[in-house]
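Me: Could you walk me through this structure? I'd like to go through it one question at a time.

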Amino acid sequence: MSEHGEPRLETLMAAAFDDGSGSVTPPIYQTSLFTFASYADFADRMAGLSDTALYTRVQNPTVAAFEAMMAEAEGGAEGRAGGSVAAVGFASGMAAISSTLLALVKPGDQVACVEHVYPDAYRLFERLLVPFGIAVSYHPVSAFEDDPGLLAGVTLAYLESPSSAVFQPMNLPKVAAHARRHSCLTVIDNSWATPVFQRPLGLGIDIVLHSASKYISGHSDTVAGVVIARRELIGRLRDLTLPLLGAKLAPFEAWLLVRGLRTLGARMRQHQATADLFVDRLSQLPCVTRVHSPGPNSVPGLTGRSGLLSIEFDESVDIPRLADSVSLFRLGVSWGGFESLLLPASVTLAQAGPKNSMQRFGVSDRLVRLSLGLENAEDLWADLSRALQSSTGRTGADHTVKQGGDDEETAFNADHRGPLDGHLGAGRDQPQAGRGDHQPRAHPGAATNGR
Ligand SMILES: Cc1ncc(COP(=O)(O)O)c(C=O)c1O
């Protein structure tokens, strides 16, 4: 229990489902419709006098079980058992984003979006909202925080904290206070932090959404989304875009997500432990110019570090070779599952089709994103270390990476001096490290570079 006597998130998520049958998990109501015992019951439901399930596009008990858990997870006491916070599931994170935006903005409105937003959210804004007459502007985190007038006349602020790709965190209480002054709705994608590490509703944000395909699921076996907000706002989505766009969450997917929520707390803590280890060791590597990974308390309300981070390597690392040299890390999009993934930014920057946000806002092609999974952290580190060794072209002993719980050390070869050895951050166009950015410390062996 917390100091207020409230059960904590893990405890809430472990509560057995209770329908009187003794089953600890909800049944999967794999049905498209629900029938009525009488004309009166049917007529009452159609007239809105009762709230029983009618049709799975808009209502399903398995989906409702997941939605109730998400309302509790993000809303705490406010979301408990029919409180003032509610949730609605969607077929994907993008369905959650598009259904939220289309329910809350109309032609003539203005949306202010944070830079480095998830690439397909950017495409939604540019390819659908803008042609429909909605003005969308993009701003750095600092403008949202420091310009109290930024949101004047803006209907909705679309936020990610941290952002995608470079994981810039945002002071949410500050931004929420600015927004409230201008009656601007705030929406945040909380997929990175999850309610385990950040609960934006309690920080003043109006609407939280997730790609539940990521940590909420945790098993890379479903694509889903969810939106959590005050009951009145969720009512607008249920009334408008859930039934009319029809991107509903399926009962089986909802059942998988209930299962994911049971272990969310334990998984996030494991992801965090591995990420802490990686951030610490990566920051000591001479070939690493930056690590983007916001940690606990880097902004108010952020209490942990997820397993999704990115690294900028100097020119000595051959990134295609690095990608081809890892064996535990797999190459692929998405993140948040049990398996570790590596995604070079150069691949996303070369993506075909309409411009994405990484192309628009400029991400270094030296950046590599890692989703650290649930494998043993030392095994993962050994895999990355070996891959770096074979992709730096360095031979010798001055790039030494701690490896293994037994303090074994792996020598990074250095008798072939890479172009930037010994010049980390010097003489290069290095942006200042921000919150959550880790500039490499001088490595103990750095002074011997180029011997
Ligand atoms: C931050 C973020 N938000 C939203 C999405 C979209 O979610 P989905 O793939 O479930 O539609 C993604 C997908 O990668 C994402 O990374």
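This is a predicted model: local features need pLDDT of at least 70, side-chain atom pairs count only at pLDDT 80 or more; totals for chains, interfaces and linings use all residues.

Me: Which residues of H11 are buried?
Reply: Residues are numbered from 1 along each chain as its sequence is written. A residue is buried if 20 or more other C-beta atoms, placed from the backbone, lie within 10 Å of its own. In H11 that picks out Pro251, Glu253, Ala254, Trp255, Leu256, Leu257, Val258, Gly260 and Leu261.

Me: How many of the 12 residues of H11 are buried?
Reply: Helices here are DSSP runs (H or I, at least four residues), numbered from the N terminus. H11 covers residues 251-262. The helix is mostly covered, and the buried count is 9.

Me: What do the buried residues of H11 pack against?
Reply: Two residues are in contact if their C-beta atoms, placed from the backbone, lie within 7 Å. Strands are DSSP runs too (E, at least two residues). The partners of the buried H11 residues are helix H1 (9-13), helix H3 (61-75), helix H12 (264-282) and S1.

Me: Which strands are the edge strands of the open sheet?
Reply: Two strands pair if DSSP finds at least two bridges between them. The 7 strands follow the order S1-S7-S6-S5-S4-S2-S3, with mixed pairing. Those that pair on one side only are strand S1 (85-90) and strand S3 (135-139).

Me: In S5, what is the bridge partner of Ala157?
Reply: Strand S4 (residues 156-160) and strand S5 (residues 185-189) run parallel, joined by 5 bridges. Ala157 has as its partner in S5 Thr186.

Conventions. The expected span of a helix is 1.5 Å times one less than its number of residues.
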